[in-house]
Amino acid sequence: MPWIDLRKGSWVVLGALLVGLLWAVVSADRDDWPTFVGDEATYLMAADSLARDFDLIYGKRDYDRFVERWKRTPEGLILLSGDHGAHMTFSKPFFYPTFIAPFVWLAPHKGAQIANVLLLALAATMSARTLRRWIGPSAPLLIAVFVFSSAAFGYAFWAHADLFLLSLAAISLSLVFSDPEGQPTKLGLFKWAIGGALLAALAFSRPFYAPLLIPAAFCAPRPRLPRLASFWAGTLLLIFASLTVHKTLGDSWTSYDGQRAAFSDETGYPEVDFPSTEWDAFVYRWGNLAWRTDAIRSGNRLSVPLWLWNGFYFLAGRHVGVLVYFLPLLLGLAAGPKDSPRWALTVAVVAAVAGVFYLRPFNFFGGGAAIANRHFLPIYPAFWFLAAGPLKIRWLAVVTLVSGLFLWPLWIEADEYLLGADGRSRFVSPIANSALPFETTQRHIGPSGSEDFQANGLWIRPLGPEVGVAGPESSESLSHAPGTMALASEATAHFLVGSEERVGHIVLTILGSESVVPDIEDAEALSTSTDPAQRRFLLRLGPRRAIHPTWWTWQNAHLYRLDITFRGVSSTPVAFSLSPLESKPESSPD
């Protein structure tokens, strides 16, 4: 495109997008968000404690200040104590709260988001300058596509550490790969030390990012020894400092061991609803959330079916697929070096993803508080630095257009709350919902308020908010029928039904609601009973959708899709239950 001066135009595009993102986070109104997202309350309270009290120790004044400022309680607050509640610290790595603390002090409601964008802008600028050595003047445009044609930019609106960790990874790789061949200067060695420290912060925050330290050993220009010595000195110094801070503040080596507990309006808050002396009793009642090695070693975490299904969903899952929400990574692979040691980045990516699969087999994407796959975010910049040659502008345009098929809800509503009015993720496009597979291995994917449960020998997972637990307002009460659900007539409910044994048939029991009949999409009604109070329908299930271990059994679970619609007139929700059938009867059940 000779009419475009890429040397200036690509910088203008990247700069304009970053300025637009900054304007968007400043002008965003979060007052109508029903709650904080994920760990936001913990990060915000920790940053405010640093800014106001110059410590990371939780106390009642932190709670009072938070409620006064945000006009709501810190739902989802996570605290840690290594001395049975005598000292309580915020159970998150201190890097992100330390970074945003000055911004939160200056602008309590917008400071974290402004800090996110400014650090992202620094990371994007440094990355573009480094990549310009290899791919030419289109480097800023490539970085713009990497950031804004993926789900990465959406995290700027959250007070969450994920975009911060992505920025640290990008800055570190920029420092490492910008060093030219030849005898290193003092400034060059300092860059290597800073690069090692930043990657160490990633590894300390989440251990499965440790493989990102590998490429430095292969990519250091000659002479390597002084560069690698500086790199590992920065790495070890940061880790030592981090261990010291955590041990001093909370008598715990990291923010994930010791006694770790989550607090909400249901549980109450320490020093507000109960004294800190009751910490042990609280942990005993509500559970210890520490990352324990015995839990990590439990179960068949090397199950081949589980890894195969996780690999498939990791790439193309409806909610978390990286080829869906981070499609520009293909640009890095397409322009990647054929002989360069930078292919060590690919090894690091594979090792990091494998670590996530092993440590978090049923939550490799980061839990319900995630846009796409937030655990992938800090790994994503490795693909930026794979690019070793120029890319045609038309390929950048093609990737952006294809990404738009799935990202357009995020492009137009990034400042909105994660969940829509129906409890589903706001940022999953209709195309993704209709064309891509639901991630059966991932526990926290699904509409808000529709948790999976086990009843009558079956595991049942509603895939939409239409199904509720049967209560007094429905045709029958749950009080005498465990596992009973409720669905309005003419509404359609979508389920995953699972069992440790292969299931050919299940029984659908309708309690009351004599005027309604089931309309089954993915199963065949073979026969019915005649009892009007408890009409039972024998359903033949379709083929299995998946078979793999799950969070409720390490045995291979057989999973089936079932869609149910009740036809007819009913003034109250229709109460019903599902149960297995050991063998098909010769006649209708009664």
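**Close-up views of a predicted model**

**View 1. Three strands, ordered β2-β1-β3, make up an open sheet with antiparallel pairing.** The edge positions belong to β2 (89-90) and β3 (259-263); each has a single partner strand, so one side of each is left without a neighbour in the sheet. As with the other views here, the model shown is predicted. Look next at strand β1 (residues 77-81), which runs antiparallel to β3 and is joined to it by five bridges.

**View 2. Helix α4 (residues 95-106) packs against helix α5 (residues 111-135) at an angle of about 115°, and their axes are 8 Å apart.** That angle makes α4 roughly perpendicular to α5. The crossing in which α4 passes α5 is right-handed. On the α4 side you will find Tyr-96, Phe-99, Ile-100, Phe-103 and Val-104, and among their partners in α5 are Ile-114, Leu-118 and Leu-119. Sorted by type, the residues of this contact are 10 nonpolar, two polar and no charged.

**View 3. Helix α8 (residues 186-205) and helix α10 (residues 224-250) pack with their axes 7 Å apart, at an angle of about 40°.** The two helices, α8 and α10, are therefore oblique to each other. Their crossing, α8 with α10, is right-handed. The contact includes Trp-192, Gly-195, Gly-196 and Phe-204 of α8, along with Arg-227, Phe-231, Gly-234 and His-246 of α10. Which types of residue build the contact of α8 with α10? They divide into 14 nonpolar, seven polar and one charged.

Definitions and conventions: Residues numbered from 1 in each chain as written. Predicted model: local features only at pLDDT ≥ 70, side-chain atom pairs only at ≥ 80, totals over all residues. Heavy atoms only, no water. Axes fitted to C-alpha atoms, helices over the stretch in contact; angles between N-to-C directions. Helix = DSSP H or I, 4+ residues; strand = E, 2+ residues; numbered from the N terminus. Parallel < 35°, antiparallel > 145°, perpendicular 65-115°, else oblique. Left-handed = near helix turned anticlockwise from the far one by under 90°. Contact = heavy atoms within 4.5 Å. Nonpolar A, V, L, I, M, F, W, Y, C, P; charged D, E, K, R; others polar. Pairing = 2+ DSSP bridges.
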